[in-house]
Amino acid sequence: MDPFDTADLQARDSAHFLHPFTDTKALSGHGARIIVRGDGIFIWDSQGHRLLDAMSGLWCVAIGYGQRRLADAAHRQMLELPFYNSFFKTAVVPAIDLATRLSRLAPPGFNRVFFTNSGSEGNDTVIRMVRRYWDLQGQPGRKVILSRINGYHGSTMGGASLSGMDYMHAQGGLPIPDIGHIGQPYWYGSDRAESPADFGLRAARWLEDRILAVGPERVAAFIAEPVQGAGGVIIPPETYWPEVQRIVDRYGILLVSDEVICGFGRLGQWFGCQHYGTRPDLITFAKAVTSGYIPLGGVLVGDRVANALVEQGGEFEHGFTYSGHPTACAVALANLDIMEEQDLPRHVREDVGPYLKAGFESLVDHPLVGHAEALGLVAGLALVADPVSGRPFDPALSVGLLCRDICFRNGLVMRAVGDRMIIAPPLVITRPQIDELIGLVRRCLDETHAELRVHGWLAD
Ligand code: PXG
(Lines give C-alpha, C1' and ligand atoms only; values in the text may rest on other atoms or scores of the structure.)
Protein backbone atom coordinates (compact mmCIF):
# COMPACT_ATOMS: atom_id res chain seq x y z
CA MET A 1 0.00 0.00 0.00
CA ASP A 2 1.45 3.35 -1.05
CA PRO A 3 -1.15 6.12 -0.68
CA PHE A 4 1.28 8.68 -2.05
CA ASP A 5 2.17 6.84 -5.27
CA THR A 6 5.86 7.27 -4.56
CA ALA A 7 6.97 6.15 -8.02
CA ASP A 8 4.88 8.88 -9.66
CA LEU A 9 6.18 11.52 -7.22
CA GLN A 10 9.76 10.44 -7.87
CA ALA A 11 9.27 10.55 -11.63
CA ARG A 12 7.78 14.05 -11.54
CA ASP A 13 10.44 15.13 -9.04
CA SER A 14 13.26 14.13 -11.35
CA ALA A 15 11.49 15.57 -14.41
CA HIS A 16 10.81 19.02 -12.98
CA PHE A 17 12.41 19.84 -9.63
CA LEU A 18 16.04 20.93 -9.61
CA HIS A 19 17.12 20.25 -6.01
CA PRO A 20 19.68 22.43 -4.22
CA PHE A 21 23.29 21.11 -4.11
CA THR A 22 22.28 18.00 -6.03
CA ASP A 23 23.54 15.97 -8.97
CA THR A 24 20.14 15.72 -10.66
CA LYS A 25 21.15 12.98 -13.05
CA ALA A 26 22.50 10.79 -10.28
CA LEU A 27 19.44 11.40 -8.10
CA SER A 28 17.09 10.54 -10.97
CA GLY A 29 18.75 7.15 -11.13
CA HIS A 30 17.33 6.02 -7.81
CA GLY A 31 14.68 8.61 -6.93
CA ALA A 32 14.35 10.94 -3.97
CA ARG A 33 13.00 9.84 -0.63
CA ILE A 34 9.74 11.75 -0.26
CA ILE A 35 9.15 13.12 3.25
CA VAL A 36 5.47 13.62 4.01
CA ARG A 37 4.99 14.27 7.72
CA GLY A 38 6.69 15.25 10.97
CA ASP A 39 5.92 15.05 14.65
CA GLY A 40 8.29 15.96 17.48
CA ILE A 41 11.75 14.73 16.51
CA PHE A 42 10.46 12.22 13.94
CA ILE A 43 9.61 12.43 10.24
CA TRP A 44 7.87 9.90 7.98
CA ASP A 45 8.46 9.16 4.32
CA SER A 46 5.82 8.37 1.69
CA GLN A 47 6.29 4.64 2.23
CA GLY A 48 5.56 4.85 5.94
CA HIS A 49 9.13 4.63 7.26
CA ARG A 50 9.74 6.58 10.43
CA LEU A 51 13.06 8.43 10.80
CA LEU A 52 14.59 10.08 13.85
CA ASP A 53 15.56 13.46 12.43
CA ALA A 54 18.87 14.13 14.13
CA MET A 55 19.49 17.06 11.74
CA SER A 56 16.39 19.11 12.66
CA GLY A 57 15.35 19.39 9.01
CA LEU A 58 18.53 21.27 8.11
CA TRP A 59 19.58 22.69 11.49
CA CYS A 60 16.20 24.44 11.72
CA VAL A 61 13.42 22.67 13.59
CA ALA A 62 14.49 23.58 17.13
CA ILE A 63 11.03 23.14 18.68
CA GLY A 64 10.32 19.94 16.77
CA TYR A 65 7.65 19.21 14.18
CA GLY A 66 3.89 19.57 14.61
CA GLN A 67 3.72 22.60 16.91
CA ARG A 68 0.25 23.88 16.25
CA ARG A 69 0.79 27.34 17.70
CA LEU A 70 3.01 28.35 14.79
CA ALA A 71 0.41 27.22 12.28
CA ASP A 72 -2.27 29.12 14.19
CA ALA A 73 -0.11 32.25 14.27
CA ALA A 74 0.40 32.07 10.48
CA HIS A 75 -3.32 31.45 9.92
CA ARG A 76 -4.35 34.40 12.09
CA GLN A 77 -1.83 36.75 10.52
CA MET A 78 -2.70 35.72 6.97
CA LEU A 79 -6.35 36.50 7.58
CA GLU A 80 -5.51 39.82 9.26
CA LEU A 81 -2.73 41.09 6.97
CA PRO A 82 -0.86 38.43 4.96
CA PHE A 83 1.67 40.89 3.57
CA TYR A 84 2.61 44.48 3.51
CA ASN A 85 6.00 46.04 2.83
CA SER A 86 8.05 48.25 5.14
CA PHE A 87 9.68 50.42 2.48
CA PHE A 88 7.78 53.69 2.19
CA LYS A 89 7.34 55.04 5.72
CA THR A 90 5.13 52.09 6.69
CA ALA A 91 5.61 49.24 9.14
CA VAL A 92 3.73 46.11 10.21
CA VAL A 93 3.03 45.08 13.79
CA PRO A 94 4.68 41.61 13.83
CA ALA A 95 7.95 43.03 12.46
CA ILE A 96 8.03 45.72 15.14
CA ASP A 97 7.24 43.14 17.82
CA LEU A 98 9.88 40.72 16.56
CA ALA A 99 12.57 43.39 16.27
CA THR A 100 11.80 44.45 19.85
CA ARG A 101 11.85 40.84 21.05
CA LEU A 102 15.15 40.04 19.33
CA SER A 103 16.75 43.16 20.81
CA ARG A 104 15.77 41.87 24.24
CA LEU A 105 17.06 38.33 23.62
CA ALA A 106 20.31 39.43 21.95
CA PRO A 107 23.49 40.21 23.89
CA PRO A 108 23.73 43.76 25.32
CA GLY A 109 24.41 46.46 22.74
CA PHE A 110 22.23 44.92 20.00
CA ASN A 111 19.24 47.18 19.59
CA ARG A 112 18.42 46.99 15.88
CA VAL A 113 17.49 44.27 13.42
CA PHE A 114 17.49 44.07 9.61
CA PHE A 115 15.18 41.33 8.28
CA THR A 116 15.84 39.07 5.29
CA ASN A 117 14.36 35.78 4.07
CA SER A 118 17.40 33.59 4.54
CA GLY A 119 20.85 33.28 5.99
CA SER A 120 22.44 33.92 2.59
CA GLU A 121 20.61 37.21 2.24
CA GLY A 122 21.61 38.00 5.82
CA ASN A 123 25.27 37.61 4.93
CA ASP A 124 24.90 39.61 1.72
CA THR A 125 23.41 42.30 3.95
CA VAL A 126 26.45 41.97 6.23
CA ILE A 127 28.83 42.60 3.32
CA ARG A 128 26.98 45.75 2.30
CA MET A 129 26.59 46.98 5.88
CA VAL A 130 30.24 46.40 6.81
CA ARG A 131 31.51 48.24 3.75
CA ARG A 132 29.00 51.06 4.26
CA TYR A 133 30.16 51.37 7.88
CA TRP A 134 33.76 51.89 6.86
CA ASP A 135 32.78 54.37 4.15
CA LEU A 136 30.96 56.33 6.83
CA GLN A 137 34.08 56.22 9.00
CA GLY A 138 36.03 57.88 6.20
CA GLN A 139 37.98 54.67 5.60
CA PRO A 140 36.63 53.44 2.26
CA GLY A 141 39.81 51.45 1.74
CA ARG A 142 38.62 48.95 4.34
CA LYS A 143 36.83 46.50 2.08
CA VAL A 144 38.41 43.11 2.74
CA ILE A 145 36.26 40.63 4.62
CA LEU A 146 38.06 37.57 5.96
CA SER A 147 36.37 34.26 6.62
CA ARG A 148 37.47 30.64 6.95
CA ILE A 149 38.05 27.61 4.81
CA ASN A 150 35.06 25.27 5.17
CA GLY A 151 32.98 28.01 6.78
CA TYR A 152 29.51 28.08 5.25
CA HIS A 153 27.78 31.41 4.81
CA GLY A 154 25.27 30.74 2.05
CA SER A 155 24.81 30.32 -1.63
CA THR A 156 24.11 33.78 -3.07
CA MET A 157 27.04 35.49 -4.80
CA GLY A 158 28.03 37.13 -1.51
CA GLY A 159 27.26 34.16 0.73
CA ALA A 160 29.08 31.70 -1.52
CA SER A 161 32.05 34.07 -1.71
CA LEU A 162 32.30 34.24 2.07
CA SER A 163 31.91 30.47 2.27
CA GLY A 164 35.23 28.71 2.23
CA MET A 165 34.33 25.89 -0.13
CA ASP A 166 36.51 25.88 -3.25
CA TYR A 167 34.08 23.59 -5.11
CA MET A 168 31.48 26.34 -4.77
CA HIS A 169 33.89 29.03 -5.96
CA ALA A 170 34.75 26.90 -8.96
CA GLN A 171 31.23 27.39 -10.33
CA GLY A 172 30.39 30.98 -11.31
CA GLY A 173 33.70 32.81 -10.99
CA LEU A 174 33.76 33.34 -7.23
CA PRO A 175 34.69 34.75 -4.82
CA ILE A 176 33.74 38.36 -5.50
CA PRO A 177 36.66 40.79 -4.95
CA ASP A 178 38.09 41.54 -1.51
CA ILE A 179 37.15 38.32 0.26
CA GLY A 180 39.89 36.19 1.84
CA HIS A 181 39.93 32.84 3.63
CA ILE A 182 42.07 31.55 6.47
CA GLY A 183 42.35 28.02 7.88
CA GLN A 184 39.76 26.43 10.15
CA PRO A 185 40.41 25.55 13.81
CA TYR A 186 40.08 21.78 13.30
CA TRP A 187 42.51 20.26 15.76
CA TYR A 188 41.74 16.60 14.93
CA GLY A 189 42.29 17.40 11.24
CA SER A 190 45.75 18.83 12.01
CA ASP A 191 48.87 16.75 12.57
CA ARG A 192 47.98 16.83 16.30
CA ALA A 193 51.57 17.62 17.24
CA GLU A 194 50.33 20.34 19.61
CA SER A 195 47.76 20.28 22.39
CA PRO A 196 44.30 21.50 21.33
CA ALA A 197 44.91 24.65 23.40
CA ASP A 198 48.16 25.49 21.59
CA PHE A 199 46.62 24.65 18.24
CA GLY A 200 43.64 26.93 19.00
CA LEU A 201 45.99 29.87 19.61
CA ARG A 202 47.93 29.14 16.45
CA ALA A 203 44.74 28.88 14.37
CA ALA A 204 43.51 32.22 15.72
CA ARG A 205 46.84 33.82 14.81
CA TRP A 206 46.32 32.84 11.17
CA LEU A 207 43.84 35.72 11.30
CA GLU A 208 46.50 38.13 12.53
CA ASP A 209 48.98 36.89 9.92
CA ARG A 210 46.44 37.52 7.17
CA ILE A 211 45.50 40.95 8.49
CA LEU A 212 49.16 41.93 8.45
CA ALA A 213 49.66 40.47 4.98
CA VAL A 214 46.64 42.31 3.55
CA GLY A 215 47.38 45.50 5.51
CA PRO A 216 45.21 46.32 8.54
CA GLU A 217 44.02 49.54 6.87
CA ARG A 218 42.33 47.41 4.17
CA VAL A 219 40.57 44.88 6.43
CA ALA A 220 36.91 45.58 7.20
CA ALA A 221 35.67 42.51 9.07
CA PHE A 222 36.13 38.90 10.06
CA ILE A 223 33.08 36.61 9.75
CA ALA A 224 32.84 33.16 11.29
CA GLU A 225 30.41 30.67 12.78
CA PRO A 226 31.01 30.10 16.53
CA VAL A 227 31.06 26.37 15.67
CA GLN A 228 31.38 25.53 11.97
CA GLY A 229 28.22 23.62 11.05
CA ALA A 230 28.02 22.58 7.41
CA GLY A 231 31.82 22.37 7.39
CA GLY A 232 31.51 19.29 9.62
CA VAL A 233 30.72 20.52 13.17
CA ILE A 234 34.16 21.88 13.89
CA ILE A 235 34.22 22.81 17.59
CA PRO A 236 37.20 25.10 18.17
CA PRO A 237 39.54 24.66 21.14
CA GLU A 238 38.59 26.93 24.07
CA THR A 239 41.64 29.12 23.42
CA TYR A 240 40.52 30.04 19.90
CA TRP A 241 37.75 32.63 20.30
CA PRO A 242 39.38 34.75 23.06
CA GLU A 243 42.46 35.09 20.86
CA VAL A 244 40.34 36.02 17.83
CA GLN A 245 38.62 38.66 19.95
CA ARG A 246 42.00 40.06 21.01
CA ILE A 247 43.10 40.26 17.37
CA VAL A 248 39.98 41.98 15.98
CA ASP A 249 40.11 44.43 18.91
CA ARG A 250 43.75 45.19 18.29
CA TYR A 251 43.18 46.13 14.64
CA GLY A 252 39.72 47.68 15.13
CA ILE A 253 38.16 45.17 12.74
CA LEU A 254 34.44 44.36 12.86
CA LEU A 255 33.57 40.88 14.10
CA VAL A 256 30.58 39.14 12.52
CA SER A 257 29.16 36.06 14.20
CA ASP A 258 27.24 33.96 11.69
CA GLU A 259 24.70 32.34 14.00
CA VAL A 260 22.42 30.86 11.35
CA ILE A 261 23.09 27.49 13.02
CA CYS A 262 24.41 28.43 16.48
CA GLY A 263 21.73 31.01 17.30
CA PHE A 264 18.58 30.38 19.35
CA GLY A 265 19.83 27.91 21.88
CA ARG A 266 21.81 25.41 19.81
CA LEU A 267 24.96 25.85 21.95
CA GLY A 268 23.06 26.31 25.21
CA GLN A 269 22.81 30.11 25.11
CA TRP A 270 20.51 32.27 23.02
CA PHE A 271 23.50 33.04 20.81
CA GLY A 272 26.68 31.03 20.27
CA CYS A 273 28.91 34.06 20.84
CA GLN A 274 27.61 34.10 24.44
CA HIS A 275 28.97 30.59 24.97
CA TYR A 276 32.43 31.74 23.90
CA GLY A 277 32.22 35.21 25.46
CA THR A 278 32.98 37.05 22.22
CA ARG A 279 31.59 40.51 21.47
CA PRO A 280 30.57 40.59 17.82
CA ASP A 281 29.40 43.74 16.05
CA LEU A 282 26.92 41.94 13.79
CA ILE A 283 25.06 38.64 14.18
CA THR A 284 23.51 36.82 11.22
CA PHE A 285 20.52 34.61 12.03
CA ALA A 286 17.93 32.47 10.18
CA LYS A 287 16.74 28.85 10.53
CA ALA A 288 15.72 28.36 14.20
CA VAL A 289 14.29 31.89 14.53
CA THR A 290 11.13 30.30 13.08
CA SER A 291 12.23 26.70 13.66
CA GLY A 292 12.15 26.56 9.85
CA TYR A 293 8.35 26.61 9.76
CA ILE A 294 8.55 29.61 7.41
CA PRO A 295 11.56 31.33 5.82
CA LEU A 296 13.04 34.20 7.79
CA GLY A 297 16.53 35.51 8.44
CA GLY A 298 18.27 38.73 9.29
CA VAL A 299 21.11 40.61 10.91
CA LEU A 300 21.26 41.82 14.49
CA VAL A 301 23.11 45.10 14.31
CA GLY A 302 25.23 46.16 17.27
CA ASP A 303 25.33 49.78 18.38
CA ARG A 304 28.74 50.52 16.85
CA VAL A 305 27.48 49.85 13.32
CA ALA A 306 23.85 50.87 13.92
CA ASN A 307 24.79 54.28 15.29
CA ALA A 308 26.91 55.05 12.24
CA LEU A 309 24.27 53.81 9.79
CA VAL A 310 21.42 55.59 11.50
CA GLU A 311 23.05 58.82 12.67
CA GLN A 312 25.35 59.52 9.73
CA GLY A 313 24.26 57.19 6.98
CA GLY A 314 21.14 58.61 5.42
CA GLU A 315 19.35 56.05 3.28
CA PHE A 316 20.82 52.54 3.28
CA GLU A 317 20.25 51.41 -0.31
CA HIS A 318 19.43 47.82 0.50
CA GLY A 319 16.35 45.71 1.25
CA PHE A 320 14.07 42.93 0.13
CA THR A 321 10.37 42.86 -0.74
CA TYR A 322 9.87 40.53 2.18
CA SER A 323 12.08 42.30 4.76
CA GLY A 324 9.90 42.12 7.88
CA HIS A 325 7.24 39.88 6.28
CA PRO A 326 4.31 39.98 8.72
CA THR A 327 3.39 36.30 8.47
CA ALA A 328 7.00 35.15 8.86
CA CYS A 329 7.48 37.49 11.83
CA ALA A 330 4.24 36.27 13.45
CA VAL A 331 5.46 32.68 13.17
CA ALA A 332 8.84 33.66 14.64
CA LEU A 333 7.10 35.27 17.62
CA ALA A 334 5.08 32.10 18.29
CA ASN A 335 8.28 30.07 17.99
CA LEU A 336 10.11 32.32 20.46
CA ASP A 337 7.13 32.07 22.85
CA ILE A 338 7.67 28.31 22.98
CA MET A 339 11.44 28.65 23.30
CA GLU A 340 11.12 31.10 26.16
CA GLU A 341 8.35 29.22 27.97
CA GLN A 342 10.41 26.03 27.89
CA ASP A 343 13.69 27.94 28.37
CA LEU A 344 15.20 25.81 25.63
CA PRO A 345 18.70 27.35 25.86
CA ARG A 346 18.83 26.25 29.49
CA HIS A 347 17.36 22.82 28.64
CA VAL A 348 20.27 22.43 26.22
CA ARG A 349 22.91 23.91 28.53
CA GLU A 350 22.02 22.10 31.73
CA ASP A 351 20.17 18.96 30.70
CA VAL A 352 20.24 17.43 27.23
CA GLY A 353 23.48 19.07 26.07
CA PRO A 354 25.71 17.44 28.71
CA TYR A 355 23.71 14.21 28.34
CA LEU A 356 24.26 14.12 24.57
CA LYS A 357 27.94 14.91 25.06
CA ALA A 358 28.42 11.96 27.41
CA GLY A 359 26.59 9.56 25.10
CA PHE A 360 28.07 10.80 21.84
CA GLU A 361 31.66 11.05 23.02
CA SER A 362 31.45 7.46 24.32
CA LEU A 363 31.30 6.41 20.65
CA VAL A 364 35.03 7.01 20.46
CA ASP A 365 35.46 3.41 21.62
CA HIS A 366 34.04 2.23 18.29
CA PRO A 367 36.62 0.78 15.86
CA LEU A 368 35.55 3.20 13.10
CA VAL A 369 35.66 6.37 15.20
CA GLY A 370 38.84 8.42 15.57
CA HIS A 371 37.37 11.36 17.44
CA ALA A 372 33.92 12.35 18.69
CA GLU A 373 32.84 15.60 20.28
CA ALA A 374 29.70 17.53 21.12
CA LEU A 375 28.74 20.96 22.38
CA GLY A 376 25.17 21.90 23.20
CA LEU A 377 23.12 20.04 20.62
CA VAL A 378 25.68 19.75 17.85
CA ALA A 379 28.01 16.81 17.58
CA GLY A 380 30.43 15.33 15.10
CA LEU A 381 32.63 12.28 14.79
CA ALA A 382 35.43 11.34 12.41
CA LEU A 383 35.26 7.97 10.64
CA VAL A 384 38.80 6.67 10.23
CA ALA A 385 40.51 3.60 8.82
CA ASP A 386 42.62 3.25 11.96
CA PRO A 387 41.45 4.88 15.20
CA VAL A 388 44.84 4.48 16.88
CA SER A 389 46.84 6.45 14.34
CA GLY A 390 43.82 8.41 13.09
CA ARG A 391 44.62 7.35 9.52
CA PRO A 392 41.74 8.55 7.33
CA PHE A 393 40.00 6.57 4.61
CA ASP A 394 40.75 7.28 0.97
CA PRO A 395 38.21 10.05 0.19
CA ALA A 396 37.37 8.26 -3.08
CA LEU A 397 35.72 5.49 -1.04
CA SER A 398 33.06 7.96 0.21
CA VAL A 399 32.79 6.13 3.52
CA GLY A 400 30.74 8.99 5.01
CA LEU A 401 28.07 8.65 2.31
CA LEU A 402 27.98 4.89 2.80
CA CYS A 403 27.40 5.42 6.52
CA ARG A 404 24.73 8.05 5.83
CA ASP A 405 22.81 5.65 3.57
CA ILE A 406 23.00 2.96 6.25
CA CYS A 407 21.61 5.48 8.76
CA PHE A 408 18.66 6.23 6.49
CA ARG A 409 17.96 2.52 6.11
CA ASN A 410 17.92 2.22 9.90
CA GLY A 411 15.56 5.13 10.49
CA LEU A 412 18.13 7.79 11.38
CA VAL A 413 18.91 11.08 9.66
CA MET A 414 22.61 11.72 10.30
CA ARG A 415 24.59 13.87 7.86
CA ALA A 416 27.97 13.17 6.31
CA VAL A 417 30.52 15.91 5.59
CA GLY A 418 33.31 13.98 3.95
CA ASP A 419 34.02 11.29 6.53
CA ARG A 420 32.66 13.32 9.44
CA MET A 421 29.22 12.24 10.64
CA ILE A 422 27.28 15.06 12.23
CA ILE A 423 24.05 15.62 14.13
CA ALA A 424 22.07 18.60 15.39
CA PRO A 425 18.80 17.23 16.82
CA PRO A 426 15.77 19.36 17.77
CA LEU A 427 16.34 21.24 21.03
CA VAL A 428 13.20 19.68 22.52
CA ILE A 429 14.79 16.21 22.45
CA THR A 430 14.56 14.30 25.75
CA ARG A 431 17.07 12.05 27.52
CA PRO A 432 15.28 8.79 26.53
CA GLN A 433 15.25 10.00 22.93
CA ILE A 434 18.98 10.72 23.16
CA ASP A 435 19.46 7.13 24.35
CA GLU A 436 17.52 5.97 21.30
CA LEU A 437 19.60 8.25 19.06
CA ILE A 438 22.96 7.05 20.40
CA GLY A 439 21.80 3.44 20.14
CA LEU A 440 20.88 3.98 16.50
CA VAL A 441 24.19 5.71 15.74
CA ARG A 442 26.07 2.79 17.28
CA ARG A 443 24.07 0.24 15.30
CA CYS A 444 24.71 2.17 12.07
CA LEU A 445 28.43 2.39 12.81
CA ASP A 446 28.46 -1.39 13.36
CA GLU A 447 26.72 -1.98 10.03
CA THR A 448 29.08 0.42 8.27
CA HIS A 449 32.01 -1.44 9.79
CA ALA A 450 30.61 -4.77 8.64
CA GLU A 451 30.03 -3.46 5.13
CA LEU A 452 33.52 -1.99 4.89
CA ARG A 453 34.90 -5.36 5.93
CA VAL A 454 32.92 -7.08 3.16
CA HIS A 455 34.37 -4.58 0.66
CA GLY A 456 37.82 -5.37 2.02
CA TRP A 457 38.41 -1.70 2.92
CA LEU A 458 39.44 -2.41 6.48
CA ALA A 459 42.71 -3.82 7.71
CA ASP A 460 42.13 -7.01 9.74
N1 PXG B 1 25.24 30.72 7.37
C2 PXG B 1 25.32 29.51 7.96
C3 PXG B 1 26.22 29.34 9.13
C4 PXG B 1 24.55 28.45 7.47
O5 PXG B 1 24.64 27.25 8.07
C6 PXG B 1 23.67 29.93 5.78
C7 PXG B 1 24.44 30.94 6.31
C8 PXG B 1 22.80 30.23 4.62
O9 PXG B 1 21.47 30.23 4.99
P10 PXG B 1 20.32 29.97 3.89
O11 PXG B 1 19.07 30.23 4.68
O12 PXG B 1 20.50 30.98 2.82
O13 PXG B 1 20.48 28.58 3.38
C14 PXG B 1 23.71 28.66 6.37
C15 PXG B 1 22.87 27.56 5.80
C16 PXG B 1 24.43 21.69 5.16
C17 PXG B 1 23.72 22.93 4.81
O18 PXG B 1 24.79 20.98 4.22
C19 PXG B 1 23.74 23.99 5.68
C20 PXG B 1 23.11 25.18 5.33
C21 PXG B 1 22.45 25.28 4.11
C22 PXG B 1 22.44 24.20 3.24
C23 PXG B 1 23.08 23.02 3.58
O24 PXG B 1 24.65 21.41 6.33
N25 PXG B 1 23.23 26.24 6.18
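Biologist: How many residues of domain 1 are in contact with domain 2?

Modeller: This is a predicted model. Contact here means heavy atoms within 4.5 Å. On the domain 2 side, 32 residues take part. On the domain 1 side, the count is 38 residues.

Biologist: What distance separates the centres of domain 1 and domain 2?

Modeller: Domain 1 is made of two stretches, 33-66 and 344-455. Domain 2 runs over 69-342. Taken over C-alpha atoms, their centres are separated by 26 Å.

Biologist: Which residue in S15 is the bridge partner of arginine 415?

Modeller: S14 pairs with S15, residues 420-423, in the antiparallel sense. That pairing runs over 3 bridges. For arginine 415, the partner in S15 is isoleucine 422.

Biologist: Which element gives the most to the lining of the largest cavity?

Modeller: The search of the whole structure finds 1 cavity of 30 Å³ or more. Its lining includes Trp241, Leu255, Val256, Ser257 and Tyr276. Two elements give two or more residues: strand S8 (254-258) and helix H11 (272-276). With 3 residues, the top contributor is S8.

Biologist: How many charged residues are in the lining of the largest cavity?

Modeller: About 30 Å³ of space lies in this cavity. By class, its lining has 6 nonpolar and 2 polar residues.

Biologist: Which element supplies the largest share of the lining of the second largest pocket?

Modeller: This pocket holds about 890 Å³ of space. It is lined by 27 residues, and those closest to its centre are Ser86, Val113, Phe114, Phe316 and His318. H5, S4 and H12 each supply at least two lining residues. The largest share, 5 residues, comes from S4.

Biologist: How many nonpolar residues are in that pocket's lining?

Modeller: The lining has 3 charged residues. Another 8 are polar. The nonpolar count is 16.

How values were computed: Residues numbered from 1 in each chain as written. Predicted model: local features only at pLDDT ≥ 70, side-chain atom pairs only at ≥ 80, totals over all residues. Heavy atoms only, no water. 1 Å grid on protein atoms, 1.4 Å probe; cavity = no way out; pocket = protein on both sides within 12 Å on 5 of 7 lines; lining within 4 Å. Points joined across faces, edges and corners; volume = space filled by probe spheres on them. Helix = DSSP H or I, 4+ residues; strand = E, 2+ residues; numbered from the N terminus. Nonpolar A, V, L, I, M, F, W, Y, C, P; charged D, E, K, R; others polar. Pairing = 2+ DSSP bridges. Domains from an automatic or database assignment.
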